[in-house]
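Me: I would like to learn how to read the features of a multi-chain model. Could you walk me through one?

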Amino acid sequence: MAKDKLLEFDKALELYEPVLGFEVHVELNTATKMFSSAGNPANSANHEAGPNTLVAPVDMGLPGSLPVVNETAVRYSISLGLALGCSIAPSSRFARKNYFYPDLGKNYQISQYDEPIAFEGSVEIELGDGTLVTVPIERAHMEEDAGKLTHVGGSTGRIQGAEYSLVDYNRAGVPLVEIVTKPIFGAEHRAPEIAKAYVAAIRDIVISLGISEARMERGNLRCDANVSLRPRGQEKLGTRTETKNVNSMRSVERAVRYEIQRQAAILAAGGTITQETRHWHEDTGTTSPGRPKSDADDYRYFPEPDLLPVEPSLALIEELRAALPEPPVVRHRRLKGEWGFTDLEFQDVVNGGLLAEVEQTVAAGAAPAAARKWWTGEISRVANAQGVEASSLVEPQAVAAVQKLVDAGTLTDKLARQVLEGVIAGEGTPQEVVDARGLAVVSDDGALIAAIDDALAAQPDVLAKIRDGKVQAAGAVIGAVMKAMRGQADAARVRELVLERAGS
Amino acid sequence: MSEITPDLVRHLGVLARIQLSDEEVERLTGQLDVIVDNIAKVSEVATPEVPATSHPIRLHNVFRPDVAGDMLTVEQVLQNAPDAADGRFRVTAILGEEQ
Amino acid sequence: MSDLTRLTAADLADKLAAGEVSSVEATQAHLDRIAAVDGDVHAFLHVSDHALDVAADIDRRRSAGEQLGGLAGVPLAIKDVLVTTDMPSTSGSRILEGYMSPYDATVVARARAAGLVPLGKTNMDEFAMGSSTEHSAYGPTHNPWDLDRIPGGSGGGSAAAVAAFEAPIALGSDTGGSIRQPAHVTGTVGMKPTYGGVSRFGAIALASSLDQVGPVSRTVLDSALLHDVIGGHDPHDSTSLTDAWPSFAAAAREGASGEVLKGLRVGVIAELPDSGFQPGVSASFRAALAAMEAAGAEIVEVSAPHFEYGVAAYYLILPAEASSNLAKFDSVRFGMRVNVPGGTVEDVMAATRDAGFGDEVKRRVILGTYALSAGYYDAYYGSAQKVRTLIQRDFDEAFAQVDVIATPSAPTTAFKIGEKVDDPIQMYLNDVTTIPVNLAGVPGISIPSGLAEEDGLPVGIQFIAPAREDARLYRVGAAVETLLVDRWGGPLLDRAPVLGGTR
Ligand SMILES: [Mg+2]
Ligand SMILES: [Zn+2]
């Protein structure tokens, strides 16, 4: 693959105005699928399900099977629509989107086309420095997910060069809400940041609604990013590309930046942009062309004859509206106050897309400051090193459990980091890691005193200095004791005991 | 006369995933032309003020409670599979693009 | 015991209940009849190898004093469009050869629960696309009245099975006349219920907004009895009506007295000209109307100006929905697979669908793909859906004046096998009087009206009622049946030629 030429970002922005658009697919965590009563793999109850064990006749398009709409999925969709500030359609309906693909059991996707359940809304998002940006929402519609293909053979496990593919229909029929923005103007040099903040805001909304697990690494939340550039002063929109399935907030930011630089280089050289889908490559941080848009994209939409219109009553809409959680920006202000964070501290959390994680860690019993330090510190560091989302590494409950051990004096900060490392590596719960690695602080004074006496005996000059009142000299002894205890001692207690022993 | 041409029929064959021979394309072009001429008359009375009917008996809000049931066993899922491996359906390589 | 096959389902059920015959005897009699005549008729694609076991179980349960359904122990033929767990379900297509469903269609499950004994699966036009059963991938079914002629379609197998006394009753499906037109050409009874009255779950879909499962029989009462078993709400079918239905059998029994004809207002459609109809068909129709009039009915001319657009709308809506419904037959999860050496999965799908679908299926799938494709949708599919509205309005206006509408069930008697198979337009016109009923979702029944003078073949009369008034059709159908059978001095089928060992 030829390497793309990129124009330097600031130069690109000088010449062109970026226009963004996003399509975010949210997998709902209902107990069952959108159109069948098979278990929903996007619900945590079903994460361990083996291939093709969550399949009802309609999910695999068996002859004679029929879809029936999941009422809870409709309620969730309405709630999400309301949270996005949308109007809820008095009547919306399903349509068939026809195309052949082996992961599509019926060879059509049941979606909503000309009559989505929610339309015309907006989301206010907060950038790192507290700036508020309003993202206009075009629509949110209900549809079903496709199954999963695994490509086998060839060198890469990628679709190209595979010998054959295996199809699992567990995911086929998982309820999705697709949220489509209108074109976002005026993003300018903040375009990548807005992209990330938008996805973070959607994630926060669905988490606070409790309608999705919103784990991007599991595909619960998937973002397609549309980017186009237009020369400064031009009215007409440029040709856009659609970068598919960018599955972390970090990647959304990077992909948008990359597309701006790539398109700018082409335009600046007098070239034209091809309207196409593009794929994001996490490893190289680049996009590559997918299928060009063509006449073959004739989905032959028509109203789904097996399903009836959805006509929510005003009473239902008002009931769901009354139960909505606060909007993201209001929530930010509340949490910042409750947690007592400085602007900078709070922005750190928001920028990292870690608001839900910190909130859940606090809910599990950790102090806000400690929760923040863990997520923006150690966990984010590991996540960056591994190129994954911090939220994918560890559950908030485990972080809180680690902090509890610190608060109880069972772990030092340093030991706690090792415990967390073990939890991230899949060695078990914090307590299991403590036990297996033998990481608890030695709180038995007898063992400490023995080590202290040894160290004092080995360094008689230090002992003398301490007795002379030069208390800071104790550091050398403390260091030796900590070393002897392989770090598993509480340094403050060691200090106390050293002074006690030296004085006696 | 309608606008059915062999190229259009060939394109429709691609959309419908039916590999039509030249002979079939030729025959279908002629037949579809006649059929379409006969059915195009629907537009004579389908004026803008007439609403479309997609369901003969119009119901709404037909929902299912979010309760599990109706699941097939893996054996049932794969019962008629032309080819399968590792509990999944096996198909020959796909060179197209995911949609 | 071969006369057991001549009994109606109602009479057989009475004898079973009275312990005069066993279900094993009744089932064996029908299996013998199938063995004797089905080589000529070819109504069945598959005959159950455990029907006698099922029958024996019913007999056991009956003798143990279990309370059984009214039709328990009565044999039943099942159109192959309905999926069954114990027999293959092919919908008449090569692409589904040997397909075994992991679940039963709701109507089949209800029939089993009621103690009916499935005899086998009946032949049909491939995926129910046709009016002659010549489009079955497994060879045509022959009309018991004349083995060189078609038994109608798509449900020619079910109609021929009951006409040839291979089964007392059968299940059919009707998308544009596939129950009623075969009834017409075989001298039997067929009912297309109100859309949503009978579950479609497990009926291999042709056109979802038109398909409806219904009963096939030799008498109106038998259809009503079977309708009572299979009908009613099914949560697996979103389009299933939640209505509490009256007993259709009770309606048929009430109608048989003939009282219902007194003062009944019967609409005849002004726009259906005699010219398109075979003279013997028109004559039989008019004679039946005259008989009804003589019995106290009032014949009223009604206008249905949009009926003439029905066939055109139907041949847009049906192929469009079918092109999508039939996309699932792609060689990935079930059914035929044609391997293409070195080919992609797309190549395999395209080659399989080429080899697995017959000409009529390909024709309609391509037509439907065209009707839905961008740029044509409004002119074709969208317009056809509007015609549906106009036809519904025609019905509404007509039913403001009359209780039922009567039409000939089809324009001609049974034609010769092969006569129209290469002329799709001629074939499509077979359903000119049945199609508007499906487009509007209202119920329609076809009962025998007599024989055509010129060829001595059966003719049917169709009655149509407003949506949800299925019981009215059983009442009127039974009344007219009684009236005509009295005039004939016995059932029409008594005049059919004797089958068996003639070929
Ligand atoms: Mg061919
Ligand atoms: Zn989507």
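Me: Let's begin with sheets. In what order do the three strands of the open sheet in chain A stand, and is the pairing parallel or antiparallel?

Reply: Happy to start there, keeping in mind that this is a predicted model. The three strands of this open sheet in chain A follow the order 5-4-15, and they pair antiparallel. Strand 5 (108-111) and strand 15 (302-303) of chain A each have a single partner strand and stand at the edges, so one side of each has no neighbour in the sheet.

Me: How many bridges join strand 4 of chain A to strand 5 of chain A?

Reply: There are four bridges between strand 4 (residues 95-98) and strand 5 of chain A, and the two run antiparallel.

Me: Now the interfaces. How much area do chain A and chain B bury between them?

Reply: First the general idea: the size of an interface is often given as the accessible area lost when the parts come together. In this case chain A and chain B bury about 4,300 Å² between them, with 57% of it on carbon and sulfur atoms. Chain A brings 61 residues to the contact and chain B brings 37 residues.

Me: Which residues form a salt bridge between chain A and chain B?

Reply: The count between these two chains is one salt bridge. Arg58(B) forms it with Glu311(A), and the closest N and O atoms are 2.5 Å apart. Polar contacts across the interface of chain A and chain B come to 24 residue pairs, both residues being at pLDDT 80 or more. On the side of chain A that touches chain B, two or more residues come from each of strand 2 (69-70), helix 2 (71-83), strand 8 (148-152), strand 9 (164-168) and strand 14 (286-292) of chain A. Strand 9 of chain A gives the largest share, five residues. Sorted by class, that side has 34 nonpolar, 16 polar and 11 charged residues.

Me: What about chain B by itself: how many helices and strands has it?

Reply: Chain B has four helices and three strands, running α-α-α-β-α-β-β from the N terminus on. Its radius of gyration is 22 Å, well over the 13 Å that the globule rule gives for 99 residues, so chain B is more spread out than a compact globule. Along the principal axes, the C-alpha atoms of chain B fill a box of roughly 55 × 45 × 25 Å.

Me: And which residues of chain B lose the most area to chain C?

Reply: Chain B and chain C bury about 5,100 Å² between them, 67% of it on carbon and sulfur atoms. In chain B, Arg17(B), Pro56(B) and Ile57(B) lose the most area to chain C, together 13% of what that side buries. The contact takes 56 residues from chain B and 67 residues from chain C.

Me: How many salt bridges are counted between chain B and chain C?

Reply: The count is three salt bridges, one of them between Asp359(C) and Arg27(B) at 3.6 Å, N to O. There are also 20 residue pairs in polar contact between chain B and chain C, both at pLDDT 80 or more.

How values were computed: Residues are numbered from 1 along each chain as its sequence is written. Chains are lettered from A and ligands numbered from 1 in the order in which they are written. This is a predicted model: local features need pLDDT of at least 70, side-chain atom pairs count only at pLDDT 80 or more; totals for chains, interfaces and linings use all residues. Side-chain values use heavy atoms; hydrogens and water are left out. Contact means heavy atoms within 4.5 Å. Buried area is the accessible area (1.4 Å probe) that two parts lose on being put together, summed over both. A salt bridge is a side-chain nitrogen of Lys or Arg within 4 Å of a carboxyl oxygen of Asp or Glu. A polar contact is a pair of N or O atoms within 3.5 Å; within protein, one must be able to donate a hydrogen and the other to accept it, and residues adjacent in sequence count only if both atoms are side-chain atoms. Ala, Val, Leu, Ile, Met, Phe, Trp, Tyr, Cys and Pro count as nonpolar, Asp, Glu, Lys and Arg as charged, and the others, Gly among them, as polar. Two strands pair if DSSP finds at least two bridges between them. The radius of gyration is taken over C-alpha atoms; the globule rule is 2.2 Å times the number of residues to the power 0.38.
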